[in-house]
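Hello,

Here is the structure we talked about. Please open it alongside this message; my notes follow below.

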Amino acid sequence: MAAISFELIKKDPGSLARLGSLTTTHGSIQTPIFMPVGTQATVKAMTPEELVEVGSQIILANTYHLYLRPGHELIGRLGGLHRFMHWDRPMLTDSGGFQVFSLGELRKISEEGVNFRSHIDGSRHFISPEVSIAIQEALGADIAMCFDECPPYPAEYSYVQKSLELTTRWALRCKKAHQRPDQALFGIVQGGMHPELRRESARQITDIGFDGYALGGLSVGEEKEVMHRMMHECSDILPENSPRYIMGIGAPEDLVEAVNAGFDMFDCVMPTRNARNGALFTSFGRINIKAAVYAEDQSPIDPACSCYVCRNYSRAYLRHLYRSQEILASRLNSWHNLHYFLDLMAQIRAAIGRGEFASFRNDFYAARGS
Ligand SMILES: CCCSCc1cc(N)cc2c(=O)[nH]c(N)nc12
Ligand SMILES: [Zn+2]
């Protein structure tokens, strides 16, 4: 029996947007979906029960971080990541490559894998496709990701081309190493910001064949129009009846564009990281709660928001908490931002269900004056 099954429920008449249902070992997910990031086995400041209350269906964790601390063997011995963090719904783990390149010190890449120093204590480590798969199988998430190289941005065409070829060879090694029958494995498409390399990588990864397909190498500092163009470059190559995930995306406007390009799954630290910095998402754009203008503002963050925070707390109080560096500031701000992202996806699913995604997209931009 396959670790996951994906049902394409409805295609939007005016775009590539689609409704889907992804069934995993730990339950089903309605797509398009945003996946909160729980890097170190916690979506910062939120309990699992609160994550469910704000609409989370699936959350992410990070192989790199959990390998370094507390260790994947420890988590495996204690029953796996679901039990360790008291989350009994779907989970996805990233493969660690991206974090090694973006967090690790003094990393050295070879055909075999990557040697790097821990960002925590400088200790030396090595991760290969086989090691990444072994870590993810020990953690036991419902979806594992292939070990890939996310090329730096910008990078020479020749470097990006060699890099995508390495990612393909690593993807093949990941597929051969992956044994866990209750865990799906997604391939990752690279190719930088070059349309023809994106298409070449998409062909190579789909030729190997995976349970789902991700676009990597985006949200790495490129201009938005470049990011959006790359989203459209390989939609026609990725199998229509497989789940499609764009890694590290993104801001609300990027989510709308990614759905418009035919993608189903997204993750980003933005709602929780921005929350801790006081940046709050609303139906009329972003606000920063530390601004003096909110000092005596008794209105909610967003009058159009139905979340627990907007129903019970004023901007004045949230500004006070933030300026006082109270822990509750991170909790309430994260609660509202996650609700905003997850409610946006629920509105998108409803619009696709009505065959009205194109008008939803127009209204979304109109409400933000763009
Ligand atoms: C928990 C974090 C998941 S997404 C991390 C991520 C984010 C972005 N932006 C790109 C990549 C990528 O190219 N490859 C991989 N494995 N991961 C990426
Ligand atoms: Zn709210």
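**Helix packing: H6 and H7**

Helix H6 (residues 129-139) packs against helix H7 (residues 157-177) at an angle of about 45°, and their axes are 8 Å apart. Bear in mind that this is a predicted model. At that angle, H6 and H7 are therefore oblique to each other. Their crossing is right-handed. H6 contributes Pro 129, Glu 130, Ile 133 and Glu 137 to the contact, and H7 contributes Trp 170, Arg 173, Cys 174 and Ala 177. Sorted by type, the contact residues of H6 with H7 are five nonpolar, no polar and three charged.

H6 also has a set of buried residues: Pro 129, Ser 132, Ile 133, Ile 135, Gln 136, Glu 137 and Leu 139. Just after H6 comes Gly 140, with a positive phi of about 85°.

**Salt bridges**

How many salt bridges does a search of the whole structure find? The count is 15.

- Asp 264 and Arg 18: the closest N and O atoms are 2.6 Å apart. Asp 264 sits in the loop between helix H10 (252-260) and strand S14 (265-267), and Arg 18 sits in strand S2 (residues 18-24), so the pair ties together parts that are 246 residues apart in sequence. Both Asp 264 and Arg 18 are buried.
- Glu 112 and Arg 173: their side chains form a salt bridge at 3.5 Å, N to O. Glu 112 is in the loop between strand S7 (105-109) and strand S8 (114-117), while Arg 173 is in helix H7, so this pair links distant parts of the chain, 61 residues apart. Glu 112 is partly exposed, because its relative accessible area is 46%. Arg 173 counts as buried, because its relative accessibility is 18%.
- Asp 182 and Arg 180: the closest N and O atoms of this salt bridge are 2.7 Å apart. Asp 182 counts as partly exposed at 30% relative accessibility. Arg 180 also counts as partly exposed, at 28%.

Glu 112, Glu 130 and Arg 173 are linked in a network of salt bridges. Glu 130 and Arg 173 are also among the residues of the H6 and H7 contact.

**Helix H13**

Which residues are buried in helix H13 (residues 315-323)? They are Arg 315, Ala 316, Leu 318, Arg 319 and Leu 321. Their cover includes strand S16 (285-288), helix H12 (308-312) and helix H14 (327-353). Just after H13, Gln 325 has a positive phi of about 55°.

Best wishes

Definitions and conventions
Residues are numbered from 1 along each chain as its sequence is written. Chains are lettered from A and ligands numbered from 1 in the order in which they are written. This is a predicted model: local features need pLDDT of at least 70, side-chain atom pairs count only at pLDDT 80 or more; totals for chains, interfaces and linings use all residues. Side-chain values use heavy atoms; hydrogens and water are left out. Buried means under 20% relative accessible area, exposed over 50%, partly exposed in between (1.4 Å probe, protein chains only). Helices (H or I, at least four residues) and strands (E, at least two) are DSSP runs, numbered from the N terminus. Contact means heavy atoms within 4.5 Å. Axes are lines fitted to C-alpha atoms, for helices over the stretch in contact, and angles run from 0 to 180 degrees between N-to-C directions. Angles under 35 degrees count as roughly parallel, over 145 as roughly antiparallel, 65 to 115 as roughly perpendicular and the rest as oblique. A crossing is left-handed if the near helix is turned anticlockwise from the far one by less than a right angle, and right-handed if clockwise. Ala, Val, Leu, Ile, Met, Phe, Trp, Tyr, Cys and Pro count as nonpolar, Asp, Glu, Lys and Arg as charged, and the others, Gly among them, as polar. A salt bridge is a side-chain nitrogen of Lys or Arg within 4 Å of a carboxyl oxygen of Asp or Glu.
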